[in-house]
Amino acid sequence: MPLKGIPHLISPELLYALASMGHGDEIVLADSNFPSESIARANGARLILCDGLPIPKLLRQILKLFPLDQYVAEPVALMDRVDDDKKKGLDVPIWNEYKEIVGNNVQFEMVERFKFYERAKKCFAVVRTGESAIYANIILKKGVVVTKKQSKNEHEDVAE
């Protein structure tokens, strides 16, 4: 069932994972070519299925709920192109989409392919999407949710 204020693309399983993550935990949004099952299984990460969804659409909705880590220089990591693709000058247009969605003030870390796989194995969750663009894999590091100061009449903090 849909909830007020929760984007419909965010499944209950994904919402639970986002809410369960702590400051500094990471989540992978994986394209359809990424070895999601084996990467998630390697260290017991949650595998969340969002088959059919493009990453940019999902990323927009996730960032409505999920703060990026403001205490690190690069809270977003991308799988870098392999050397042959760099030599060919292969363009990766989806990275520009990500930059637009996340914001120009956020720095992206470029991670070599096999190092990206190793880092993904340590992530809290792997989200398998239907994204077909090449080099579309992205890791997000969770930040801190800042709450308003509690007033004398309030019993609970209210998230901003």
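Student: Against which elements do the buried residues of α5 pack?

Tutor: Buried means under 20% relative accessible area, exposed over 50%, and partly exposed in between (1.4 Å probe, protein chains only). Contact means heavy atoms within 4.5 Å. Helices (H or I, at least four residues) and strands (E, at least two) are DSSP runs, numbered from the N terminus. Here the buried residues of α5 pack against α3 (55–62), β3 (76–79), β4 (108–111) and β6 (138–141). This is a predicted model, in which local features need pLDDT of at least 70 and side-chain atom pairs count only at pLDDT 80 or more, while totals for chains, interfaces and linings use all residues. Residues are numbered from 1 along each chain as its sequence is written, and side-chain values use heavy atoms, leaving out hydrogens and water.

Student: Which residues of helix α5 are buried?

Tutor: In α5 (residues 93–102), they are I94, W95, Y98, I101 and V102. Seen down the helix axis, they fall within an arc of 120 degrees, so they line one face of α5; the arc is that of the directions from the axis to the C-beta atoms. P93, N96 and E100, on the other side of α5, are exposed.

Student: Which residues touch the most other members of the largest nonpolar core?

Tutor: In soluble globular proteins, nonpolar side chains tend to be buried together. A nonpolar core is a set of buried Ala, Val, Leu, Ile, Met, Phe, Trp, Tyr and Cys residues joined through side-chain atoms within 4.5 Å. Among the 47 residues of the largest one, they are L14, F34, Y98 and L140. Helix α5 gives the most to this core, with 5 residues.
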